[in-house]
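Let us take a walk through this protein together. Have a look at the model first, and then we will go through its contacts step by step.

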Amino acid sequence: MEVIIRKTAAEVATVAADILGQYFRPGGVIGVATGSTPLATYAAIIARAQVGILDASEVEFFALDEYVGLGHDHPQSYYRTLRTELIDPLGVEPRRLHVPDASQAGERYEAEILAAGGIDCQLLGVGTNGHIGFNEPGSSLNSVTRWKTLHPQTVADNARFFSSADAVPRHVITQGLGTIQRAGHLLLIATGDAKRNAVAGLVEGPLSAACPASIMQWHRHATVVVDGAAAAGLKNREYYEFAEANKPN
Ligand code: F6R
């Protein structure tokens, strides 16, 4: 696992856009996350597409997850969020955005990913409780796309997007940890002090369902990009910085 530490959230977005940008090619398949963290990365990607550095027109996009009960037109549905924050500004045809559908079996989403040739690079955020996608603590390490019940911590964290915590859906459909691990490259980004413990757990804690993001440790091509605040709990921080500056060729 490569750990890249930058001072600011803006620098994290630049590094993430540099990495993700490499997968924008005809036939490319990119896994996208929602929440606050990826927004700056998406803005950087969009800016690059606008000046022609990057072409998104023949890329397929697969979302990690979706709230159960929010239709595509609901402003907080992940379908609508991805259309607004990424797909429409990129000028990508909406049919190229795939989002798990809670009214259908999770296997169908797995089959869609397979039919596209698998995800080349999956962008991930991390919850304060260590979740990725909506695989909450205790998720099977080899799970596939399915419904999950949100952890109370996640409901509290995501209440900022809704009128109140009561308005946050309790159920979601999410790619499983097994689904996520089948992507060719996992790129996890985290910024801010609230992610400090989750980052320490996923990078340096045990590989455990108690911290679902720790599956990054098991993946053959995993990159973690964090800002100084999110990196503050890392014991081996100096080593990661040294290793990044002295990469073997
Ligand atoms: C969203 C998702 C979640 C978020 C996580 C962090 O699609 O899968 O795992 O990445 O909850 O959210 P933010 O970035 O809002 O802190």
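A salt bridge is a side-chain nitrogen of Lys or Arg within 4 Å of a carboxyl oxygen of Asp or Glu. Before we use that, please keep in mind that this is a predicted model, in which local features need pLDDT of at least 70 and side-chain atom pairs count only at pLDDT 80 or more, while totals for chains, interfaces and linings use all residues. Residues are numbered from 1 along each chain as its sequence is written, and side-chain values use heavy atoms, with hydrogens and water left out.

Searching the whole structure gives 11 salt bridges. One of them joins the side chains of K247 and E2, at 3.0 Å from N to O. This pair links distant parts of the chain, 245 residues apart: E2 sits in strand β1 (residues 2–6), and K247 in the segment after α8 (237–245). Such helices (H or I, at least four residues) and strands (E, at least two) are DSSP runs, numbered from the N terminus. K247 is partly exposed at 48%, and E2 is partly exposed at 27%.

R6 is partly exposed at 23%, and E244 is partly exposed at 25%.

Next, find R182 and E110, whose side chains meet at 3.0 Å, N to O. R182 belongs to the loop between α6 (177–181) and β9 (185–190), and E110 to helix α4 (residues 106–115), so the bridge ties together parts 72 residues apart in sequence. E110 is buried, with a relative accessible area of 13%. Elsewhere, E60, E93, R95 and R96 are linked in a network of salt bridges.

Now for the nonpolar side chains. A nonpolar core is a set of buried Ala, Val, Leu, Ile, Met, Phe, Trp, Tyr and Cys residues joined through side-chain atoms within 4.5 Å. Which residues of the largest core touch the most other members? Of its 66 residues, they are F24, F61, L86, L90, L188 and L202. Helix α1 (residues 9–21) gives the largest share of this core, 6 residues. A second, separate core has 10 residues, including Y67, L150, F162 and V168.

Y67 also leads us to the aromatic rings. Rings of Phe, Tyr and Trp (its six-membered ring) pair if their centres lie within 6.5 Å; planes under 30 degrees apart count as stacked, over 60 as edge-to-face and the rest as tilted. By this rule there are 7 aromatic pairs. In one of these, Y67 and F134 are tilted, with 5.9 Å centre to centre and 40 degrees between the planes. Y67 lies in strand β4 (residues 65–67) and F134 in the loop between β6 (121–124) and β7 (146–149), so the pair ties together parts 67 residues apart in sequence.

Note on methods:
Buried < 20%, exposed > 50% of the residue type's maximum accessible area, 1.4 Å probe, protein only.
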